[in-house]
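Please open the structure in your viewer and keep the selection tool at hand. The stops below are meant to be followed in order.

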Amino acid sequence: MHLLNLGILAHVDAGKTSLTERLLHHAGVIDELGSVDAGSTRTDTLALERQRGITIKSAVVSFPVDGITVNLIDTPGHPDFIAEVERVLGVLDGAVLVVSAVEGVQAQTRVLMRTLRRLGIPTLVFVNKTDRRGARPEGVLRELTERLAVPVVAMGSVTAPGTPAAAFTAGDPAPDVLADHDDALLAAYVDGTLTPARVRAALRAQAHRGVVHPVYAGSAATGAGVPELVAGIKELLPPAAGDPDGPLSGTVFKVERGPAGEKIAYARLFSGTLRVRDRIGADDTRSKVTAVSVFGDGTDTRAEAVPAGRIARLWGLTGARVGDSLGTPRPGHGRFFAPPTLETVVVPGPGTDRRALHLALTRLAEQDPLIGLRHDEVRAETSVSLYGEVQKEVLQATLADEHGLAVTFRETTPLCLERPAGTGAAAEFIKKGDHPFLATVGLRVEPAPPGTGVTFGLEVELGAMPYAFFKAVEDTVRETLAQGLHGWRVTDCAVTMTHSGYWPRQSHAHQGFDKSMSSTGYDFRGLTPLVLVDALRRAGTRVHEPMHRFRLEAPADTLGALLPVLAALDAVPGTTRTEGARCVLEGVVPAARAHALEQRIPGLTRGEGEWESAFDHYAPVAGGAVPERPRTDRNPLDRKEYLLNVTGRVGG
């Protein structure tokens with residue numbers, strides 16, 4: 001069977017959900033077009049999606065096109081939900097990038113096209129809303145070339161743009177862009193032997209490889225240009241590949257809960273065949289597939305197996321999380337977008353059960369690996385990581401609508417991290433000092449290059465004590481580094497174990513094992529945090545805050561008003577250039593200031609400013625008080641409090 005897993009991507013409000021509805025209607029899957037404004041679309045199933053008219057969760061629908069089964073995935077366009085887009089990209093065979101004929105290329109358009117190009121995903125462009133007043137399809141075509149800096153091939157022209165009668169007329173693609181990527185084609189073009197069939201074959205080959213991007217235009221509202229786009233999807237995007245007899249390889253890209261609370265995993269299979277009753281996962285966490293449904297002909301139907309190339313819903317994988325691999329992991333598949341850099345505390349409303357809230361947040365986190373939960377048992381608080389303010393509204397509405405839980409949020413703060421400022425070492429020995437643990441642990445902490453995370457090594461003989469004790473130290477080191485001297489996660493450091501010691505299994509005469517005379521894993525897990533924070537104190541740590549790179553395009557005559565505001569919000573322009581009547585500023589701004597700055601842009605630029613920002617790097621906090629984060633552990637920074645919490649006594 002000819003299959004194509006197709007993604008629809010766009011800047012928010014470009015009309016991709018409306019285009020999805022039109023494609024389903026064109027294929028005969030639905031009899032009546034849904035409306036985003038009326039909240040009746042097929043793919044926006046969440047109540048909040050229908051209320052706000054935006055896509056929050058990706059949705060999969062299927063339709064046939066002349067013998068081809070297209071699994072169409074409608075994705076969010078709002079940058080706060082970029083994580084949802086990230087998951088979809090890994091399962092696509094091709095994509096349609098929707099651009100508004102009125103607004104043209106926007107900030108998110110650039111982000112998406114850069115990512116599609118980097119991943120080599122074959123992509124068609126659909127210039128939508130040509131029937132709207134102010135539509136300028138020819139101008140948008142130029143923007144695609146100039147502002148996206150990608151090779152595009154016009155597949156026709158628009159007549160009567162800006163009117164309800166706007167129509168798309170297909171035409172022969174010009175060979176000049178194609179010739180830039182094909183020397184033989186260029187030679188035939190120069191000597192006049194080029195034929196339309198040869199041009200079409202070159203277009204098909206280059207589009208399949210993602211080298212060039214064919215551009216269609218029309219209106220999802222009226223249906224103009226949609227038949228031509230469908231024909232392009234069939235001809236110019238490659239079918240799903242994969243050997244059904246090969247080794248099993250797949251990816252979970254979405255997790256949801258069914259009516260009875262059962263977990264359902266959406267997965268794309270790249271190789272092999274997955275059958276009902278197959279067991280998936282590591283030996284200690286294997287789950288049995290209890291049911292399967294595959295997408296086709298506008299719906300998903302129960303099946304006994306999923307072959308390579310298909311998307312399916314799987315039941316029975318109780319431990320499945322988004323991003324999990326089924327069988328052999330795909331080489332080179334990883335995260336494409338930056339992690340969230342903001343955090344807020346969830347505040348239960350009056351009458352909200354904290355245990356029910358904890359369970360609901362945990363289930364939401366299992367559906368989104370980039371939602372990080374942090375529970376503070378001392379203060380009975382839960383923090384959640386975010387991309388932006390819109391996510392707070394979505395989280396609040398989801399908890400209310402799906403779980404009946406009322407919540408509010410505290411002010412959003414940036415998610416900082418700590419890095420060692422130098423080298424520090426510490427050690428504690430059995431029965432020396434005031435610690436009650438039958439363990440000797442010495443640790444050295446050193447800075448490591450950015451991006452390396454945490455590494456753990458040994459300067460003691462591996463056979464000096466049982467391996468389980470070394471493992472207990474390493475695991476506890478990694479766990480303890482989740483909260484540094486200022487409460488932030490410590491990263492980019494090398495931890496080396498410099499001393500070790502234990503008391504072997506002992507007993508009194510004629511008696512059994514005596515725990516008070518023998519070291520256990522408990523001793524090493526208890527002592528390690530004290531030694532590690534002592535080494536960290538001697539090394540010192542520096543708090544780093546997330547920095548966003550930004551690009552601001554605005555009328556040149558507004559530059560005088562923009563620069564003082566940028567400076568007041570700690571934004572640092574790196575480059576400033578003028579392009580005709582517009583200026584372009586690029587630079588960095590602290591993540592904590594990015595939202596406030598974005599809100600100021602419309603008023604400062606008469607509504608003509610275009611703002612784009614994304615995480616770029618972490619930088620040391622400059623000036624002012626160092627941000628602190630409340631601890632949620634047993635606080636090894638306070639030795640007496642820690643020993644009291646762990647052992648019930650202060651020491652000795």
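Begin by selecting valine 190, which lies in helix H7, residues 183–191, and bear in mind throughout that this is a predicted model. Is valine 190 buried or exposed? With a relative accessibility of 65%, where exposed means over 50%, valine 190 counts as exposed.

Next, select helix H12, residues 467–480. Within H12, colour Phe469, Phe470, Ala472, Val473, Thr476, Val477 and Thr480, which are buried. If you look down the axis of H12, these buried residues fall within an arc of 160°, and they therefore line one face of the helix. An α-helix has 3.6 residues a turn, so residues three or four places apart point the same way. Turn to the face of H12 directed away from the buried side, and you will find the exposed residues Tyr467, Ala468 and Glu479 there.

To see what the buried residues of H12 pack against, select strands S27 (439–447), S28 (454–458) and S30 (493–502), along with helix H13 (521–539).

Finally, show the whole protein chain, which contains 16 helices and 34 strands. Of its 652 residues, 53% count as buried, while the accessible surface of the chain comes to about 28400 Å², with 51% of that belonging to carbon and sulfur atoms.

Conventions:
Residues are numbered from 1 along each chain as its sequence is written. This is a predicted model: local features need pLDDT of at least 70, side-chain atom pairs count only at pLDDT 80 or more; totals for chains, interfaces and linings use all residues. Side-chain values use heavy atoms; hydrogens and water are left out. Helices (H or I, at least four residues) and strands (E, at least two) are DSSP runs, numbered from the N terminus. The expected span of a helix is 1.5 Å times one less than its number of residues. Buried means under 20% relative accessible area, exposed over 50%, partly exposed in between (1.4 Å probe, protein chains only). The arc is that of the directions from the helix axis to the C-beta atoms. Contact means heavy atoms within 4.5 Å. Accessible areas come from the Shrake-Rupley method with a 1.4 Å probe; for residues, only the protein chains shown count as cover.
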